[in-house]
Amino acid sequence: MGGHHRSRRMKEGRKRLFVGIPVPAAVRKQVNAWQSMYKQRLPVRWIAPENLHVTVVPPWDESNLSVPLKRFNKLGPAYAPFEIDFHTVLFGPKPKRPRLI
């Protein structure tokens, strides 16, 4: 739900990748309601509700996309659906300079 400004430049030909799990529509609806209450009061860059996700593997730069894509495609069938319960909203990585919620 937050964004960040990257100060370093990515080398040409490299892509910024991360692994995220999209959230169900019911969760997006709840987050959107929460977001509308706090949007004007929190100094973060909000992402569009349709892009809401839980980041599982943080971002990294990659020049050869086929290698991680092959690995992730092999993993997909090995995992069953699961539930995550959220009880607290935290700001990070630094609470005084939040980029993520």
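Reader: Which side chains meet in a salt bridge?

Author: In this predicted model, the side chains of arginine 16 and aspartate 61 meet in a salt bridge, at 3.1 Å from N to O. The structure holds one salt bridge.

Reader: Turning to the aromatic residues, how many aromatic pairs does the structure hold?

Author: The structure holds three aromatic pairs. One of them joins tryptophan 60 and phenylalanine 72, whose ring centres are 6.3 Å apart. The planes of these two rings stand at 55°, so the pair is tilted.

Reader: Why is that angle called tilted?

Author: Planes under 30 degrees apart count as stacked and those over 60 as edge-to-face, so the rest, including this pair at 55°, are tilted.

Reader: What does the pair tie together?

Author: Tryptophan 60 belongs to strand 2 (residues 53–62) and phenylalanine 72 to helix 2, so the pair ties together parts that are 12 residues apart in sequence. Tryptophan 60 is partly exposed, with 23% relative accessibility. Phenylalanine 72 is also partly exposed, at 33%.

Reader: Which residues form an aromatic cluster?

Author: Trp34, Tyr38 and Trp46 form one aromatic cluster.

Reader: Now to pockets: what is the volume of the second largest pocket, and which residues line it?

Author: The second largest pocket has a volume of about 190 Å³. Its lining consists of Val19, Ile21, Val56, Val57, Phe72, Leu75, Gly76, Tyr79 and Phe82. Phe72 is therefore both a member of the tilted pair and a lining residue.

Reader: Which elements supply at least two residues of that lining?

Author: Strand 1 (15–22), strand 2 and helix 2 each supply at least two residues of the lining.

Reader: One last topic: which residues form the nonpolar patch on the surface?

Author: Ile21, Val56, Val57, Phe82, Ile84 and Phe86 form the nonpolar patch, and together they have about 550 Å² of accessible area. Among the residues of the pocket lining are Ile21, Val56, Val57 and Phe82, which also belong to the patch.

Reader: And where does phenylalanine 86 lie?

Author: Phenylalanine 86 lies in the loop between helix 2 (66–75) and strand 3 (92–94). Phenylalanine 86 is exposed, because its relative accessible area is 59% and exposed means over 50%.

How values were computed:
Residues are numbered from 1 along each chain as its sequence is written. This is a predicted model: local features need pLDDT of at least 70, side-chain atom pairs count only at pLDDT 80 or more; totals for chains, interfaces and linings use all residues. Side-chain values use heavy atoms; hydrogens and water are left out. Patches are made of residues with over 30% relative accessible area and no salt bridge: like charges are joined within 9 Å, nonpolar side chains (Val, Leu, Ile, Met, Phe, Trp, Tyr) within 5 Å. Accessible areas come from the Shrake-Rupley method with a 1.4 Å probe; for residues, only the protein chains shown count as cover. A salt bridge is a side-chain nitrogen of Lys or Arg within 4 Å of a carboxyl oxygen of Asp or Glu. Helices (H or I, at least four residues) and strands (E, at least two) are DSSP runs, numbered from the N terminus. Buried means under 20% relative accessible area, exposed over 50%, partly exposed in between (1.4 Å probe, protein chains only). Rings of Phe, Tyr and Trp (its six-membered ring) pair if their centres lie within 6.5 Å; planes under 30 degrees apart count as stacked, over 60 as edge-to-face and the rest as tilted. On a 1 Å grid over the protein atoms alone, a cavity is a set of points where a 1.4 Å probe fits but cannot get out, and a pocket is an open set with protein on both sides within 12 Å along at least five of seven lines; lining residues have an atom within 4 Å of a point. Grid points are joined across faces, edges and corners, and a volume is the space filled by probe spheres set on the points.
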